[in-house]
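Student: I have a structure open and would like to learn how to read it. Can we go through it feature by feature?

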Amino acid sequence: MTLPDNPQGGSGRDVDATAILKLVVAEASFIAALMFYVGLIYTNRYYRNFHLSPSSLGFGFSEYVVESLQVLSRPVLSAVVALLLLTSAPHFVRRLPLTSRLRRRAAALWDAVAGQYWLVVAVGFVLFLLWRVEPYWAAPATVAAGLLMGQSRAALRGRGQGLLERAVPLFAAMAFLLLAITLLAAQLGDREAKQAARHVVRWPGVVLFSTERLSLTGPSGLKADDLGPGTHLRYRYTGLRLLIERGGHSYVVPVGWNAATDSVYIFRENDTTRIELTSGVRWT
């Protein structure tokens, strides 16, 4: 009589598959949580420039995740690849398809480069002292890169398995990376909002009709026309642009809008108000 591979009734292959599935789910959950956090920071900074809050606009988890993709760019992806190479360098060196002699030379070369991690960390702290110099996220990112270089060198030498030698530097590196991500998302949100505000005229146009005269003030591009006493929606307002539409509310600004002096108008279409959308001005 043959005994089962697993006393619990399952095979070793099933156990491996379950472990892999758990690992994939854990990593996917971490990535989703990180994307949510990045999207939250980005959208908060973006709409703060328009005196709005994403929570008041009713943003949900999936929308924050999608907004986090705004942060992805070629420099950001390049930095991510560089950090991945820093953390996987020992494994990569050991797996190089080279002779043992060339592999030892490659390991020695990386050991010499990674041995300067303290210099990279020092540069990062110097950037902290120059905090007013953009990009602000470069300082914590540089410190994190230096710490990861040090851990990569320790792993290549087979050292640094203790709490103080391994866990503490890695925790510090992750903390600096989180700070860098936070600053990057905030900076990009602020920059994108200011760039969008400089080109309000390109946004979708809004024509607002109302039964009552509205107290709308703004730049000279905002115009009010009286269509006559026989018209139900008597007053027509043009020179407006649509910032965003959420939950049946249209958030509108006048052409030439200035964040420091002008308001964001909120309208809801009903029996006394009608909103029509037109195309914005397109520049070639």
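**Reading the model**

Tutor: Buried means under 20% relative accessible area, exposed over 50%, and partly exposed in between (1.4 Å probe, protein chains only). This is a predicted model, in which local features need pLDDT of at least 70 and side-chain atom pairs count only at pLDDT 80 or more, while totals for chains, interfaces and linings use all residues. Residues are numbered from 1 along each chain as its sequence is written, and side-chain values use heavy atoms, with hydrogens and water left out.

Student: Which residue does Asp-226 meet in a salt bridge?

Tutor: A salt bridge is a side-chain nitrogen of Lys or Arg within 4 Å of a carboxyl oxygen of Asp or Glu. Here the partner of Asp-226 is Arg-234, at 2.7 Å from N to O. Arg-234 is partly exposed, with a relative accessible area of 26%.

Student: How many salt bridges does the whole structure have?

Tutor: The search finds five. One of them joins Glu-63 and Arg-246 through their side chains, 2.6 Å from N to O. Glu-63 lies in helix α3 (residues 61-67) and Arg-246 in strand β3 (residues 235-246), so this pair ties together parts that are 183 residues apart in sequence. Helices (H or I, at least four residues) and strands (E, at least two) are DSSP runs, numbered from the N terminus. Glu-63 is partly exposed at 28% relative accessibility, whereas Arg-246 is buried at 18%.

Student: What separates Lys-194 and Asp-190 in helix α8?

Tutor: About one helical turn, because they are four residues apart in that helix. Lys-194 and Asp-190 form a salt bridge, with their closest N and O atoms 3.1 Å apart.

Student: How many helices and strands does the protein chain have?

Tutor: Eight helices and six strands. Along the sequence the pattern is α-α-α-α-α-α-α-α-β-β-β-β-β-β.

Student: Where is Val-207 placed, and which residues is Val-207 in contact with?

Tutor: Contact means heavy atoms within 4.5 Å. Val-207 is in strand β1 and is buried, at 14% relative accessibility. Leaving aside neighbours within four places in sequence, its contacts are Arg-236, Tyr-237, Thr-238, Arg-274, Ile-275, Glu-276 and Thr-278.

Student: Is Thr-211 buried or exposed?

Tutor: Thr-211 is buried, with a relative accessible area of 17%. This residue lies in the loop between β1 (205-210) and β2 (223-226). Not counting residues up to four places away in sequence, Thr-211 touches residues including His-232, Arg-234 and Asp-271.

Student: How much space lies in the largest pocket?

Tutor: Rolling a probe the size of a water molecule over the atoms shows where empty space is left. On a 1 Å grid over the protein atoms alone, a pocket is an open set of points where a 1.4 Å probe fits, with protein on both sides within 12 Å along at least five of seven lines; lining residues have an atom within 4 Å of a point. Grid points are joined across faces, edges and corners, and a volume is the space filled by probe spheres set on the points. The largest pocket holds about 990 Å³. It is lined by 27 residues, and the closest to its centre are Leu-34, Val-80, Leu-83, Leu-177 and Ile-181.

Student: Which helix gives the most to that lining?

Tutor: α4 does, with eight residues.
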